[in-house]
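Hi,

Here is the structure I said I would pass on. Have a look at it, and my notes on salt bridges and cavities follow below.

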Amino acid sequence: MSDRFVKPGNQEHGWNDPPQFSYGLQKDSGGPKRNILNKRVHAPQFTGSGSGQSPAVMMPTPPRGTNPPPSVCPKTPSDGKIEAAELETEPSFEDVQEALHGALDACRRTVKKQICDDVERRLKLFEDMWKSGKLSSLVKHRMHRLSQDLKRKEWDAADEIHRALMVDHVAEVSQWMVGVKRLIAEARSLNPEQNNGPGPGS
């Protein structure tokens, strides 16, 4: 047997000796190892956003078939109830006179004569201004509607028109509208059946 020492795992070891693993070679071979876990992974960047900024927020799109809300315009409280087509034709003064004087005749049964006479005088002034062309078409139409509301005993609707006329057309109606206001108030206080009195000339 040779004097040379045979190290286990050497190429000259016996056929049944277990191989020797050289850990030193494993550590030294291949140079420095790259640790792939140390590689920094950057977060995905959003187009158009700077460093540290939140991504752009998309505004919701309104559903198809919907229109944007219209701009709000001031509403005219008194003139809004008269359609443009109605202003093209002049209402019948006879219809207005019949309704107003019918309510006045009903009031004469219980209301003081002085009050009724003052209302009648105001209504006569209203008639003169209508027939002399001193009233606008809008005032005529609204007075026609007021008279029909009065005839149907719709007191709140008639009073609303009276107040609207005093606000929007005070120069035209101030001389006689106080009589119409008193007529509405007195007619309201009567029993419903008393408002069916005959008009003038019946």
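**Salt bridges**

Asp149 and Arg152 form a salt bridge, with their closest N and O atoms 2.6 Å apart (the term means a side-chain nitrogen of Lys or Arg within 4 Å of a carboxyl oxygen of Asp or Glu). Asp149 is buried at 5% relative accessibility, while Arg152 is partly exposed at 49%. Here buried means under 20% relative accessible area, exposed over 50%, and partly exposed in between, using a 1.4 Å probe and protein chains only.

Before I go on, some ground rules. This is a predicted model, so local features need pLDDT of at least 70 and side-chain atom pairs count only at pLDDT 80 or more, whereas totals for chains, interfaces and linings use all residues. Residues are numbered from 1 along each chain as its sequence is written, and side-chain values use heavy atoms, with hydrogens and water left out.

Searching the whole structure turns up 13 salt bridges. One of them joins Lys140 to Glu90, at 3.4 Å from N to O. That pair links distant parts of the chain, 50 residues apart: Lys140 sits in helix H4 (residues 137–151), and Glu90 in the loop between helix H1 (23–28) and helix H2 (93–107). Helices are DSSP runs of H or I with at least four residues, numbered from the N terminus. Lys140 is buried, at 8%, but Glu90 is exposed, at 53%.

Another salt bridge pairs Arg108 with Glu120, at 2.6 Å from N to O. Arg108 lies in the loop between H2 and helix H3 (113–131), and Glu120 is in H3, 12 residues apart. Arg108 and Glu120 are partly exposed, with 33% for Arg108 and 34% for Glu120. These two also belong to a network of salt bridges with Lys113 and Asp117.

**The cavity**

How many cavities of 30 Å³ or more are there? The count is 1, where a cavity is a set of points on a 1 Å grid over the protein atoms alone where a 1.4 Å probe fits but cannot get out. Points are joined across faces, edges and corners, and volume is the space filled by probe spheres set on them. The largest cavity holds about 30 Å³.

Its lining residues (those with an atom within 4 Å of a point) are Phe93, Gln97, Leu100, His101, Leu123, Phe126 and Glu127. H2 and H3 are the elements that give two or more residues to this lining, and H2 has the largest share, with 4 residues.

Cheers

Notes: 1 Å grid on protein atoms, 1.4 Å probe; cavity = no way out; pocket = protein on both sides within 12 Å on 5 of 7 lines; lining within 4 Å.
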